[in-house]
Amino acid sequence: MRIFSTLVFPRRQQQIFNLRRFQTTTIRRNPISIAPIQIPMDAEQSLRQSLSEKSSSVEAQGNAVRALKASRAAKPEIDAAIEQLNKLKLEKSAVEKELQSIISSSGNGSLNREAFRKAVVNTLERRLFYIPSFKIYSGVAGLFDYGPPGCAIKSNVLSFWRQHFILEENMLEVDCPCVTPEVVLKASGHVDKFTDLMVKDEKTGTCYRADHLLKDYCTEKLEKDLTISAEKAAELKDVLAVMEDFSPEQLGAKIKEYGITAPDTKNPLSDPYPFNLMFQTSIGPSGLIPGYMRPETAQGIFVNFKDLYYYNGKKLPFAAAQIGQAFRNEISPRQGLLRVREFTLAEIEHFVDPENKSHPKFSDVAKLEFLMFPREEQMSGQSAKKLCLGEAVAKGTVNNETLGYFIGRVYLFLTRLGIDKERLRFRQHLANEMAHYAADCWDAEIESSYGWIECVGIADRSAYDLRAHSDKSGVPLVAEEKFAEPKEVEKLVITPVKKELGLAFKGNQKNVVESLEAMNEEEAMEMKASLESKGEVEFYVCTLNKTVSIKKNMVSISKEKKKEHQRVFTPSVIEPSFGIGRIIYCLYEHCFSTRPSKAGDEQLNLFRFPPLVAPIKCTVFPLVQNQQFEEAAKVISKELASVGISHKIDITGTSIGKRYARTDELGVPFAITVDSDTSVTIRERDSKDQVRVSLKEAASVVSSVSEGKMTWQDVWASFPHHSSAAADE
Ligand code: AMP
């Protein structure tokens with residue numbers, strides 16, 4: 001008798017096989033999803049159908065004209081046929097246009113998106129928000145430096161992150177090394193599973209990510225090839241939707257079927273094979289301690305769980321947090337700051353009793369409403385919709401309050417930074433994206449010119465990580481709950497008889513023992529009943545991938561009553577994981593805009609950063625080059641510095657319009673212009689409105705409004721003012 005189907009692995013065995021953190025070749029999700037799936041199917045399909053009919057008619061009519069000419073038919077007859085041909089061509093071109101516009105308006109307007117991205121990236125590079133690393137040596141793909149405004153923004157984002165999460169939630173911050181010994185990443189599963197599928201140009205050896213090539217092929221065909229049939233379009237969309245589940249063989253077969261070649265050389269490609277994304281190194285001069293640059297910061301927290309738990313007075317729940325560099329040797333990074341080989345992660349591991357995942361502060365976020373994209377909506381082809389977080393948790397759409405609480409806190413964090421609410425959604429992982437042990441996972445995805453991008457992953461990872469490190473290190477990473485009164489409990493006791501198992505299974509004895517011990521109560525009692533009635537049972541050992549025969553003398557299974565004074569358990573962990581670089585890049589795109597110069601002869605760029613993230617909060621200009629004004633400007637600058645407000649003083653005498661244009665491009669929200677001995681004007685970047693305040697008050701007003709203690713509306717209401725562009729540019 002076979003008592004476990006291959007789909008019902010005992011829990012510990014499953015862990016070995018299915019590790020979602022490691023986005024393995026089949027389960028690694030591409031967080032950047034362009035939107036072809038959302039094209040209204042009917043309209044697009046019928047237009048493709050109609051286009052193919054029109055093309056056939058044009059071709060047939062063309063042939064008819066040629067035949068008439070060849071047979072020297074009468075001129076009026078040829079003219080009529082040509083007229084008909086032209087009419088058909090016009091009809092075909094109208095359908096083409098309509099199809100093109102449907103494809104563009106459904107989010108695939110790649111030309112618009114690329115033009116917009118180019119404008120943003122040009123400004124970012126020109127103003128040194130970032131610089132390709134090692135540029136004077138031609139650079140290295142996937143590595144970027146942050147220049148002065150980029151550093152300031154990153155520091156503002158991180159300090160807000162510390163305030164919003166670590167401070168407000170009393171988290172325990174740690175800072176662990178990037179260089180990590182192999183044993184840690186072996187336990188976590190990264191050594192074996194942290195892979196992407198790669199293909200090589202067979203002649204030059206250049207490497208590509210296999211799924212990216214297939215995705216590019218499908219997307220480009222759908223966007224640019226209007227001649228493909230409705231059936232072909234549906235097939236390509238289907239491939240895009242399911243390719244994350246492709247095995248290496250399926251991916252290879254599709255690449256061959258579509259004739260996909262190396263993008264740069266058109267050479268044939270190798271079969272896909274897994275490539276581990278970790279940078280390998282060795283620790284110490286002997287080279288005997290293998291190590292890796294960490295691919296995430298989370299493991300540093302898990303291995304410190306025991307000490308942190310004691311530090312926290314052995315109380316749950318508690319959260320630890322870490323900000324630091326992570327390293328992933330991405331195969332062919334192409335999406336600028338979004339997919340890089342070294343990046344800053346900010347991760348939280350919130351440890352909680354698996355039997356109580358309520359959150360005392362859930363009511364603080366329960367009323368929030370924002371775009372959520374639950375699994376069911378994705379499966380039925382609907383789009384994300386606004387849901388109330390409290391209801392989503394109450395209905396079980398979000399698995400538990402603690403997970404819901406973090407989703408709400410992430411929403412508040414991102415929107416306060418300046419991420420557009422309408423271009424932020426929380427997408428639930430589909431069943432196939434999630435590890436078996438994960439209770440529920442949601443990604444905060446932000447829409448940019450590259451499509452929807454996963455910027456924050458929020459996962460309830462159950463007890464997987466702590467168990468993995470307990471097993472490997474032998475150090476129990478557990479929590480205790482002391483009972484007020486001792487409790488009588490019935491415990492399942494599984495005792496494999498090692499001598500008998502050794503004789504029967506020899507070298508495989510350890511795997512069989514582990515599998516037997518990993519049975520849950522239901523499985524064990526079922527086995528006990530079968531052994532008692534039949535004396536023998538078929539048992540699937542997942543780690544051997546085979547079924548073995550277990551006899552009655554090989555294992556004893558019983559339930560024993562015991563008095564217990566405490567409960568010892570492995571905590572569950574809820575993990576929000578923030579890709580800081582991705583959030584910052586999306587912020588750049590969401591805050592970027594252009595507006596005409598005063599003369600109307602050019603478009604000026606500006607970043608509408610909220611004061612919280614703006615790299616420089618204020619500029620100080622004397623209106624004209626005059627010693628008195630310059631002195632006053634220096635006094636204001638000193639006052640701003642003393643209250644920690646980043647600012648820039650400009651006494652170059654450049655025209656005021658030019659100065660504003662330069663600082664708008666850096667996203668500076670306020671400008672103080674010294675134009676009298678007693679007072680100054682403060683100009684707000686987005687409205688261009690100005691207020692007049694006394695010299696003495698200038699620094700404190702700018703400091704209050706920069707730090708969010710006052711809004712610009714408050715300032716506007718409190719001081720004499722004049723509205724936009726009255727005098728400035
Ligand atoms: P993961 O552990 O793969 O879920 O990644 C956690 C977060 O790191 C993601 O939500 C992304 O924001 C970010 N991330 C992952 N890979 C990269 C990369 N190659 N470059 C930049 N950010 C990344």
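1. Aspartate 440 and arginine 375 form a salt bridge (a side-chain nitrogen of Lys or Arg within 4 Å of a carboxyl oxygen of Asp or Glu), with 3.6 Å between the closest N and O atoms. Because aspartate 440 belongs to strand β16 (residues 440–448) and arginine 375 to helix α13 (residues 375–379), the pair ties together parts 65 residues apart in sequence. Helices (H or I, at least four residues) and strands (E, at least two) are DSSP runs, numbered from the N terminus. Aspartate 440 counts as buried, at 2% relative accessibility; buried means under 20% relative accessible area, exposed over 50%, and partly exposed in between (1.4 Å probe, protein chains only).

2. This is a predicted model, in which local features need pLDDT of at least 70 and side-chain atom pairs count only at pLDDT 80 or more, whereas totals for chains, interfaces and linings use all residues. Residues are numbered from 1 along each chain as its sequence is written, and side-chain values use heavy atoms, leaving out hydrogens and water.

3. Arginine 662 forms a salt bridge with aspartate 650, their closest N and O atoms being 3.2 Å apart. Arginine 662 lies in helix α22 (residues 656–664), and aspartate 650 in the loop between β26 (647–649) and α22. Arginine 662 is partly exposed at 37% relative accessibility, while aspartate 650 is buried at 12% relative accessible area.

4. Between arginine 683 and aspartate 664 there is a salt bridge with closest N and O atoms 3.0 Å apart. Arginine 683 is in strand β28 (residues 679–684) and aspartate 664 in helix α22, so parts 19 residues apart in sequence are tied together. Both residues, arginine 683 and aspartate 664, are buried.

5. A network of salt bridges links Arg425, Arg427, Glu433, Asp443 and Glu445. The count by this rule is 45 salt bridges.
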